[in-house]
Amino acid sequence: MSSVRSGGPGGAGDGEADGRRGGDGVAAAGDRTPAGTSAAAALPCARLTARQAIAAVADAYAEAAVPDGREAPSGAPSTPDGPLGWRGYDDARARARERTGEDESVVTALATIGGRETVVLSFEFRYLGGSLGERTGDRLEAAYTHAREHGLPVVSLIATGGSRMQEGMRALTQLQRVARQSALNRAAGLPQLAVLRDPATGGGWATLGAGADVILALPGAQVGFAGSRVRPPDADPSAYTAEGQLAAGQIDAVVPPDRLRATLQRWLQLLCTPRELDAAAVEPAPPPGALGPPGLPETGWGAVVRARAPGRPRAEAYLRAYFDDREEISGDRCGGVDPGIRCGFGRREGRTIAFAAQCGTATRPAGFRTAARLVRLADRLGIPVLTLVDTPGAANDAAAERAGAGAAIADTFAALATTRAPVTSLLIGEGGSGGALALAAPGRLWATPDSYFSVIAPELAAAILKRDETQIHETADQLRVRPQDLLDLGVIRGIVPPA
């Protein structure tokens, strides 16, 4: 094992490779970028070597702490110019070693991040474009195995152009090895975080990156399955950026380099919680106290009016009062983001609690899918969940139907119905039909005094029953939507007192 090194900001690496290459099956050969045109000039994150990237986020790390498979490489013995006999491949690797000081495109390390022991995988883009070959697969498999055997999280610092052309299909099949190892660690309940440097394309994005539990990216990083030389000539370039992927719901956050270490520290603290062997033994999250007026409404319509009041406390107020610190995930990983729902993990009195909070707007399919993703991640990590229910209902416009509103709601119902982690729900405003019920824990729902829950909005019920507008108030009473009605009906477990 080499000496332990202290972390800290790394400087620019000499001979930076062009960061605008790659895509699966297209690996950059580590070409030097012409003077004055380096992508690193605009992207400080791209100038870091693999070891500098580790040092930038770690308190300390041991470079050779994780076995890398060198003693028993996969496949047949090494042959001149690799498995394909690609002329000049050995010379290209020799030049890459001389330029970088590395003998492969990934460095594995056992690092301490915020006091948390972590397995870190860091790509060296200057080594053949950070491409994945057989030896890369050996190292990644050994690192995942080490993490699994020691119960450690994995943090991937990704800068790759894809699979190594000079090794052909032998290189491409390494993606299956990586995917299997990631799945094994996921099944073991171990968190996986990815940091997308520049570029993060091809198989590296489609396995280590997109397969992580939490995906962070550095500003301006190129992110996408297709690298710049293989995508359609008329493709919108913004779709292949970190910012574009964030807008499309594919990553959780774009984090400036000077905030990355602190952000990783918070995420590791939140996700690396002691696990109960029996998920049923996990203590449920306590329901928040009510932030609105304490009195109960006299009529059904009065309950509706109070819940719809513009000044009523919303999700942000409840999350701020409930948690000491929190981080959020974003997007459904299917191309959508719903700003009307907040999902993430927070710390309360020293323990981690996951949350999915509706913000008072009609919840869109992307919002339901994001909430389901949150619940399943919390279940896998043994973390209790808090949901805040507040929506007039599921979005029902044509775009929502095309985006699969029904399937998204069904999936959310399924996630809450099957999770082993305890879920606590609080109705903080409007409870509009199935769109609200999808985030309400069966048997563990509480309500605030300024809330209501209804099978359908009173106005819509009156319309369906062909009643005139003067009967809306009567209809609201008949639906029994008040918190005290819900308690009498056995729909909720209680009405929470003021915070």
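Is Tyr322 buried or exposed, and what is its relative accessible area? In this predicted model, Tyr322 is buried, with a relative accessible area of 4%, and the views below start from the helix that carries this residue.

**View 1. The buried face of helix H10 (residues 315-322).** Four residues of H10 are buried, namely Ala315, Tyr318, Leu319 and Tyr322. Seen down the helix axis, the buried residues of H10 fall within an arc of 95°, so they line one face of the helix. An α-helix has 3.6 residues a turn, so residues three or four places apart point the same way. On the face of H10 turned away from this buried side lie Arg320 and Ala321, both of which are exposed.

**View 2. Strands that cover the buried residues of H10.** The cover over these buried residues includes strand E10 (325-329), strand E11 (341-348) and strand E12 (351-358). Strand E13 (385-391) and strand E14 (423-432) are likewise included in what covers the buried residues of the helix.

**View 3. The aromatic cluster formed by Tyr322, Phe323 and Phe355.** The structure holds 3 aromatic pairs, and one of them joins Tyr322 and Phe323 in an edge-to-face arrangement, with 4.9 Å centre to centre and 85° between the planes. Phe323 is buried, with a relative accessible area of 6%. The ring centres of Phe323 and Phe355 are 5.3 Å apart and their planes stand at 45°, so this pair is tilted. Phe355, like Phe323, is buried.

**View 4. Arginine charges placed over tyrosine rings, at Tyr322 and at Tyr89.** The charged end of Arg348 sits over the ring of Tyr322, 4.1 Å from the ring centre, and Tyr322 is also the residue that forms an edge-to-face pair with Phe323. In a separate part of the view, the charged end of Arg93 sits over the ring of Tyr89, 4.0 Å from the centre of that ring.

**View 5. Cysteines in a structure that holds 0 disulfides.** For the sulfur of Cys359, the closest cysteine sulfur is that of Cys343, at 9.0 Å, which is too far for a bond, because a disulfide requires cysteine sulfur atoms within 2.5 Å. Cys359 is partly exposed, with a relative accessible area of 21%, whereas Cys272 counts as buried at 13% relative accessibility.

Definitions and conventions. Residues are numbered from 1 along each chain as its sequence is written. This is a predicted model: local features need pLDDT of at least 70, side-chain atom pairs count only at pLDDT 80 or more; totals for chains, interfaces and linings use all residues. Side-chain values use heavy atoms; hydrogens and water are left out. Buried means under 20% relative accessible area, exposed over 50%, partly exposed in between (1.4 Å probe, protein chains only). Helices (H or I, at least four residues) and strands (E, at least two) are DSSP runs, numbered from the N terminus. The arc is that of the directions from the helix axis to the C-beta atoms. Contact means heavy atoms within 4.5 Å. Rings of Phe, Tyr and Trp (its six-membered ring) pair if their centres lie within 6.5 Å; planes under 30 degrees apart count as stacked, over 60 as edge-to-face and the rest as tilted. A charge sits over a ring if NZ of Lys or CZ of Arg is within 6 Å of the ring centre and within 35 degrees of the ring normal.
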